[in-house]
Amino acid sequence: MFFQQDVETMSRKDLEDLQLRKLKYMVEYCYNRVPFYHDRLGKAGITSGDKIKTLSDIQYIPYTTKDDIRDQYPFGLLAVPMKEIVRIHASSGTTGKPTVGCYTKEDLDMWSDVVARLAIAAGARPEDIFQIAFGYGLFTGALGLHYGLEKVGCTIVPASSGNTAKQLMMFRDFGVTGLVATPSYALYLGECLREEGYPREAYSLRLGLLGSEGCTPEMRSRIEESLGLVATDNYGMTELIGPGVSGECHLRCGMHFAEDHFLPEIINRETGERAEEGESGELVVTTLDRWGMPVLRYRTKDITKITYEPCACGRTHARMAKPMGRTDDMLIIKGVNVFPSQIESALVGMEGIGPHYQLVVRRRNFMDQLEVKVELVSSELLESYGALEILRGRVHDKLKSVLGLETKVTLVEPKSLERFQGKARRVLDLRNQPEE
Amino acid sequence: MVQQISIFVENKLGRVAEITETLAEQKVDIRAISISDTSDFGILRIIVDRPAEAAAFLKEAGYTVSLTDVIAVGIQDTPGEFAKAMRILADAGVAVEYMYAFVSREYGKASVILRVSDPEKASQVLEGSGVEILEPQAIYEM
């Protein structure tokens, strides 16, 4: 089933023609309406849409970075008068000022279209009852999924995040079939559901739309197993619109871009040059018809790769791989690039320990030290220190083989690591703190 | 067999106080206690009056807990008595993994809690040589 079959399955040739037409228009639109882009494009000699002759001419357009967007806080990138803006969202802003997104009526309509597309591609149907356990508010996740699923015709339970007992109660009492949550919260809900001891038949959950943070395949299967659903990933960010930029279909072999609205590229993150097809690098996205706050060649900091092979589901739009990490959550430890997602993959599924973890990076005697805290869940090992040391050794060796790094593994009590209801914050970097 | 409770303890200030407070709230009486530690964690081992219940309380409070069979022997307070018991086990090829002892005024003897490689065999050989094996109930009610 499709939401907009004609667009979702159009030939690559027609799609690229459409993208080129939209790109030309968008370049001119930005040049004429946004002083920041007028300046940038002018310097690059792109003073009208006609300067863009082919899609690959996009490479002459300068990148827009997170810092650029921050410098234009809050409304510097607006392309329309404020009276045409009908909604403002903002990112969590854990570092400095939040990133603001402003939407016209048409933007909201396009946004709910792309979310509806990914929801249907994932398997959502009008008869589904979706509980949205993302925090409602400035964050784009909750309202983005809310209006997209509503457009599909689903019943929405706007639960917001938190109050886990009530979440479980509504699952049962309302016969909820779909869950929208961050992977970490879904994992936590699954744990709680197990503890409650209700039989699987008490729940009708069948589909999870997980997003707003990364999720390894191992973590996903654990979520699926504990909640009894099939989970798909989707992708997006406030800078571009919110969730809906790409999402997995039910075949789960990459996230389909809404390529008629978001034009993706992969670049080498060090040199800034465009990568070869199929090569991994930083994802760069241009919004093709976001009127309130358009963004040209936004550097997402997400590391992924793209395939243009048509998918067996019939969709022709490009698919991106699950981001293997972000250039900014990448830790460099003793010169080795470490992505928390690698550590997560190594840990999930290991016997004796739970799926939650925390990473602490410190400097000891001017050397980086990575401590990995994991929860001991198996009580059978309490017979002897030897058994616990063997477990610790196994975790250490697995991490060593995955990361190529020595780590200090610490066993902690079950449920003692923080559970996250929104985006998980699992890395504590203390390297610029005085040594203990 | 006497049931011993083992509890995983993170090396954090006040952790043992919290655990024993949990037991106190449930009016659990501790007979014997032993703890050893590495740099970041320890295993607390205790003998209490109601082991199964106490283990359930602790689990509910979120601790990693296990119940283990141990044997308790009564040793006369005379030089060489304990050595005799150890010799019997060694000769029978039973290894001692860990042990701890306590004294009860009423009982008059020292009670030694032993975790051994083969509890059945240990009880057999010790009893056969006249070493007193304490019944679980005797320890719980001591």
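Trainee: How many residues of domain 1 of chain A are in contact with domain 2 of chain A?
Mentor: Keep in mind this is a predicted model. Chain A splits into domain 1 (1-327) and domain 2 (331-429), and their C-alpha centres are separated by 31 Å. On the domain 2 side, 13 residues take part, and on the domain 1 side the count is 18.

Trainee: Which element gives the most to the side of domain 1 that touches domain 2 in chain A?
Mentor: Two elements of chain A give two or more residues there, helix H8 (183-196) and helix H9 (217-227). That side divides into five nonpolar, ten polar and three charged residues. With four residues, the top contributor is H8(A).

Trainee: Is Gly325(A) buried, exposed or partly exposed?
Mentor: Gly325(A) sits in strand E15 (residues 325-326) of chain A, and touches Ile303(A), Met330(A), Phe339(A) and Ser341(A), leaving aside residues up to four places away in sequence. It takes 20 or more other C-beta atoms within 10 Å to call a residue buried, and 12 or fewer to call it exposed. Gly325(A) has 19, so it comes out as partly exposed.

Trainee: How far apart in space are Gly325(A) and Arg220(A)?
Mentor: Along the sequence, Gly325(A) and Arg220(A) are 105 residues apart. Going C-alpha to C-alpha, the spacing between Gly325(A) and Arg220(A) is 16 Å.

Trainee: And over to chain B: which strand gives the most to the side of chain A that touches it?
Mentor: Here 15 residues of chain A meet 14 residues of chain B. The chain A side divides into seven nonpolar, four polar and four charged residues. Giving three residues, the leading element is residues 408-412 of chain A, strand E20.

Terms used
Residues are numbered from 1 along each chain as its sequence is written. Chains are lettered from A and ligands numbered from 1 in the order in which they are written. This is a predicted model: local features need pLDDT of at least 70, side-chain atom pairs count only at pLDDT 80 or more; totals for chains, interfaces and linings use all residues. Two residues are in contact if their C-beta atoms, placed from the backbone, lie within 7 Å. Ala, Val, Leu, Ile, Met, Phe, Trp, Tyr, Cys and Pro count as nonpolar, Asp, Glu, Lys and Arg as charged, and the others, Gly among them, as polar. Domain bounds come from an automatic or database domain assignment.
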